[in-house]
Amino acid sequence: MTVPAAPGPGSREVASGLTVYRGQILHFLDDPAVAGEGAHVYHPDGALVVQDGRIVRADDWREVAASLPASANVIDYARQLLVPGFIDTHIHYPQSDIIASYGEQLLEWLERYTFPTERRFDDPVHAREVAAFFLTELLRNGTTTAAVFATVHPESVDAIFEAARERGMCIAAGKVLMDRNCPEFLRDTAESGYEQSAALIERWHGRDRLLYAVTPRFAPTSTDRQLELAGRLLEAHDDVLLQSHVAENHDEVRWAAELFPWSRSYLDVYDHFGLLRRGAVYAHCIHLDQRDRQRMAESGAAMSFCATSNLFLGSGLFDLDAARAHGVPVGVGTDVGGGTSFSMLRTLAESYKVAQLARQRLSPLAAFYLATLGGARALGLADHLGNFAPGMPADFVVLDPAATPLMARRMERAEGLVEELFVLMMLGDDRAVAATYVMGEERWRRTP
Ligand code: GUN
Ligand code: ZN
């Protein structure tokens, strides 16, 4: 048995042969809010066995050590916590540069900050530079998979997929569809949006770990014809994803009602055009009614709970209990740049506070479920990623529960896993991410 020095970022060493990562290991088989104690698997002194970039086994260290071949590499993370890579179910890579822009609510924020910055993504050089920064930022925060909005420009989609491919990441992304109610410089047409999306699906969907997501920005910036053609794309490709926004802000909801006077509700617009199904993820879902939630549950469409964005843009409070009561799949989204952090830990902290404001509970175990397997389920990808079942890709994050002096001090008093998770999610951020692995390759390591 050898204990090699920890490899540097991008090292290929660990992908060959058998590598065992020793540490605390936690992953989920189900939602703890529904399935209770049986939903999670925890090994306080555990071993994650990885071969050729995939999980062989997650078990107690003692069990694994007894049968370990002498040639196996062992990387000992001691008391650090290994969990599946975080899955961010809603984020905009072109908005990396406008995170933390002052003073507006949704519609004014789009006009004042978002559209001008998205304009620059017709330039592939700019798009590539931002895409590289963005993916590094995801990895620094322990996020290994995300559903990503590009811009209206096909070049912006090429840039994010090329960068994801270089890093071996499973990323879903799509070209924004927007043929009205936006500046001329960001407008496509129903037909050009359809053609360009179809060509991008052809070029990227299913290549390595890349997935295409049909991406109507939100109903107010698409004509009926554009939404109809988005539905056609889904019909023609039953495994592409769909991502959009719904019921985020009161003015937006009123506007959608004016633009689609025949609709029963904002969500009903998407339903009418065949845009609700498994693998369709809707960000925000705040101002919905019970019939909307029922429709989402029936169709398999998912909600992305974007707490930092909802607070920052003053949009409202996501009703987690209502989503759960209807059995709608829920994931967590950072929604950068409306959201204020790339960190899924920080986003879980704000999610907890949003639940508190409604006298609801987001337990630490349920929170880590939402950030991992819950996200995979929301994207319709739970057969392919989200936990440490044998055969899954070895996408995982090493969390340091004592990353800061304050965390170290608080952890001394933490009794057991659940309390430790709570401190991690309430006080942790990118400083708590010691390393991030994608398909068994180390893609991020915190510098001491
Ligand atoms: N609704 C339509 N576009 C956007 C966007 O870029 N961010 C957010 N938060 N909501 C939107
Ligand atoms: Zn968004």
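Q: How many nonpolar, polar and charged residues are in the lining of the second largest cavity?
A: For the classes, Ala, Val, Leu, Ile, Met, Phe, Trp, Tyr, Cys and Pro count as nonpolar, Asp, Glu, Lys and Arg as charged, and the others, including Gly, as polar. In this case the lining has four nonpolar, five polar and one charged residues. The model is predicted: local features need pLDDT of at least 70 and side-chain atom pairs count only at pLDDT 80 or more, while totals for chains, interfaces and linings use all residues. Residues are numbered from 1 along each chain as its sequence is written, chains are lettered from A and ligands numbered from 1 in the order in which they are written, and side-chain values use heavy atoms, with hydrogens and water left out.

Q: How many cavities of 30 Å³ or more does the structure hold?
A: On a 1 Å grid over the protein atoms alone, a cavity is a set of points where a 1.4 Å probe fits but cannot get out; a pocket is an open set with protein on both sides within 12 Å along at least five of seven lines, and lining residues have an atom within 4 Å of a point. Points are joined across faces, edges and corners, and a volume is the space filled by probe spheres set on them. This structure holds two cavities of 30 Å³ or more.

Q: Which residues line the second largest cavity?
A: Its lining is made of Pro84, Gly85, Ile87, Thr144, Thr145, Leu385, Gly386, Asn387, Pro393 and Asp395.

Q: What lines the largest cavity?
A: The lining consists of His92, Gln95, Leu106, Trp109, Leu110, Arg217, Phe218, His245, Glu248, His284, Asp335 and Gly338. By class, four of these residues are nonpolar, five polar and three charged. Helix H3 supplies the largest share, three residues.

Q: Where does ligand 1 sit?
A: A molecule sits in a cavity or pocket if more than half of its atoms lie within 2 Å of its grid points. The space taken by ligand 1 is the largest cavity.

Q: Which residues come nearest to ligand 1?
A: A residue is near a molecule if one of its heavy atoms lies within 4 Å of it. Around ligand 1 there are 13 residues, of which His92, Gln95, Arg217, Glu248 and Asp335 come nearest. This shell divides into five nonpolar, five polar and three charged residues. Helices (DSSP runs of H or I, at least four residues) and strands (E, at least two) are numbered from the N terminus. Helix H3 (residues 106-118) gives the most to the shell, with three residues.

Q: Which atom of ligand 1 is 2.7 Å from the side chain of Glu248?
A: Look for N or O atoms in pairs within 3.5 Å, the cut-off for a polar contact. For Glu248, an N or O atom in the side chain is 2.7 Å from a nitrogen atom of ligand 1. Asp335 has a polar side-chain atom 2.8 Å from a nitrogen atom of the ligand, and a polar side-chain atom of Gln95 lies 2.9 Å from an oxygen atom of ligand 1. Accessible area comes from the Shrake-Rupley method with a 1.4 Å probe. Ligand 1 has 280 Å² of such area on its own, and the protein covers 100% of it.

Q: How much space lies in the largest pocket?
A: About 440 Å³. Its lining has 23 residues, and Leu211, Asp239, Gly380, Leu381 and His384 are the closest to its centre. The classes are 10 nonpolar, five polar and eight charged.

Q: What lines the second largest pocket?
A: This pocket has about 240 Å³ of space. Asp31, Val328, Pro329, Val330 and Tyr369 are the closest to its centre among 14 lining residues. Helices H12 (320-326), H14 (364-371) and H15 (373-378) each give two or more residues, and H14 gives the most, with three.

Q: Where is the residue Gly337 found?
A: Gly337 is in the loop between strand S13 (330-332) and helix H13 (344-357). The peptide bond from Val336 to Gly337 is cis, with omega near 0°.

Terms used: A polar contact is a pair of N or O atoms within 3.5 Å; within protein, one must be able to donate a hydrogen and the other to accept it, and residues adjacent in sequence count only if both atoms are side-chain atoms.
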